[in-house]
Amino acid sequence: MASAIGPFLALSLVSSGSFDMGIHICTGLTLVIFLLSLSIRTPERSIAPEERESLRSLAPGRFFAKKSLAIALIALMGGVCYSTVLSFLGEYTSSLGLSGGIGGSWFFLFFAATSFLSRPLTGHLLDSRGGSIVIYPALVLLSISMAILAAAGSDMALLTGALLL
């Protein structure tokens, strides 16, 4: 939710000319988060001697699991697609002449709503039927969303892309 609400607020503040207000809000929230983090107590964990010995090794296998590299690469590519949209949506909507419309401003809220509403279904499918039933349709929807965003000419197209992202 934060990855959708944050950009929505940022675009809203920037489009209203309140860039400095956004910086002040982020600074204030960072201070509040820091103060709240001081109240977090975590239990001490004792490390067994063999675990302590393995911590001295800096072998790549300690940091990367070979079996996870393929899905990690796919997640990286999906993240690059999303972060590109996140980074350039304001400029993109301006270049399309849609800077005053709701498409750019509400894009991230539509994305958040879809994410929030789809999580129970995708979580259940993932638990009951495995990852493939979720990942492959998600990749297809990501591709369709990127195609819609690339061809967008209206606020409705931007919002449709957000719903499928």
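This short talk goes through a nonpolar core, a pair of helices and one serine in the structure above.

Please keep in mind that this is a predicted model, in which local features need pLDDT of at least 70 and side-chain atom pairs count only at pLDDT 80 or more, while totals for chains, interfaces and linings use all residues. Residues are numbered from 1 along each chain as its sequence is written, and side-chain values use heavy atoms, with hydrogens and water left out.

I begin with the largest nonpolar core, which has 13 residues, a nonpolar core being a set of buried Ala, Val, Leu, Ile, Met, Phe, Trp, Tyr and Cys residues joined through side-chain atoms within 4.5 Å. Buried here means under 20% relative accessible area, with a 1.4 Å probe and protein chains only. Among the residues with the most contacts inside this core are Val-85, Phe-107 and Leu-158. Helices H4 (69–95), H5 (102–129) and H7 (155–164) each give two or more residues to this core, where helices are DSSP runs of H or I with at least four residues, numbered from the N terminus.

Now to the pair H5 and H6, the latter covering residues 132–150, whose axes come within 10 Å and cross at roughly 160°; axes are lines fitted to C-alpha atoms, for helices over the stretch in contact, and angles run from 0 to 180 degrees between N-to-C directions. Since angles over 145 degrees count as roughly antiparallel, H5 and H6 are therefore roughly antiparallel to each other.

Finally, Ser-145 lies in helix H6 and is buried, with a relative accessible area of 0%. Beyond its neighbours within four places in sequence, Ser-145 is in contact (heavy atoms within 4.5 Å) with Gly-161, Leu-164 and Leu-165.

Terms used. Buried means under 20% relative accessible area, exposed over 50%, partly exposed in between (1.4 Å probe, protein chains only). Angles under 35 degrees count as roughly parallel, over 145 as roughly antiparallel, 65 to 115 as roughly perpendicular and the rest as oblique.
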